[in-house]
Amino acid sequence: SGSAPVADNVVVASVSGEYKEKADLKLTYNLSDANGDPVKPITDWQLNNSSIAVLNMPFEASEKYSSAKDYSTSANHGKVFGNPTWLKTGGHDGFGAYQFNGMSDYIDVPDSPSIDGGNTSMSISLWIKTTDTYGWVLNKRISNMGFSYNLSPGWGGTSLFWFLDGTDPDYSQYSYASKDVTDGQWHHVVGVLNREENTIRTYVYGQDTSNPVRSVPNLGSID
């Protein structure tokens, strides 16, 4: 039997070097394995023993259909439907990814109060690699209520995040990512609903690509 991987020299520090009530943090560590096996680090940020993320699903596993595990304390584990191809050495980091056919393949996460949008700020972060120009990547909405990320070329870009409260007949509670993410390369995309500044923003590789920075001063609950 092999030994478990070891993480040491673990340091959590302020990115700016200043320690305030609100500050960006960074985590550094050394990771080693006595057997020389590749190791996938999975980080779950917590506050008072509860995960900040409500869904943390890196798609790593030792076998297909066991890689839809949620590593957050919410335990929102997914179930695989259809016949997607699980690529053991796929993904942006080579530690696993699913390839979907765009029709009948998907992962379903059971509904839970922990993944309701409500009246709070929220972020959606994911990695995507595709040449498709249309389709849902993530969807938790019914009509104009809920949140989603989908591919759809339009005046603002090729993909967009929606945060909808059910009150807007024009479905304008969204923001495009101006950078193209349908070029067959891996992209890290993030959609942010910021209730403090009342905006919807999109980011690709950490760069603000919002088109537009959508102002939503009267956005209600997105449950």
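Reader: Which strand is Asn9 found in?
Author: Asn9 is found in strand β1, residues 6-14. Strands (E, at least two residues) and helices (H or I, at least four) are DSSP runs, numbered from the N terminus. This is a predicted model, where local features need pLDDT of at least 70, side-chain atom pairs count only at pLDDT 80 or more, and totals for chains, interfaces and linings use all residues. Residues are numbered from 1 along each chain as its sequence is written, and side-chain values use heavy atoms, with hydrogens and water left out.

Reader: What is the phi of Asn9?
Author: Phi is near 50° for Asn9, a positive value in a residue other than glycine.

Reader: And is Asn9 buried or exposed?
Author: Asn9 counts as exposed because its relative accessibility is 54%. Buried means under 20% relative accessible area, exposed over 50%, and partly exposed in between, with a 1.4 Å probe and protein chains only.

Reader: Where is Ala75?
Author: Ala75 is in the loop between β4 (50-51) and β5 (79-81). Ala75 has a positive phi of about 55° although it is not a glycine. With 41% relative accessibility, Ala75 counts as partly exposed.

Reader: New topic: which peptide bond is cis?
Author: The bond from Asn211 to Pro212 is cis, with omega near 5°. Pro212 sits in the loop between β17 (210-211) and β18 (214-215).

Reader: How many helices and strands does the protein have?
Author: There are 0 helices and 18 strands.

Reader: And how much of the protein is buried?
Author: Buried residues make up 33% of the 223 residues.
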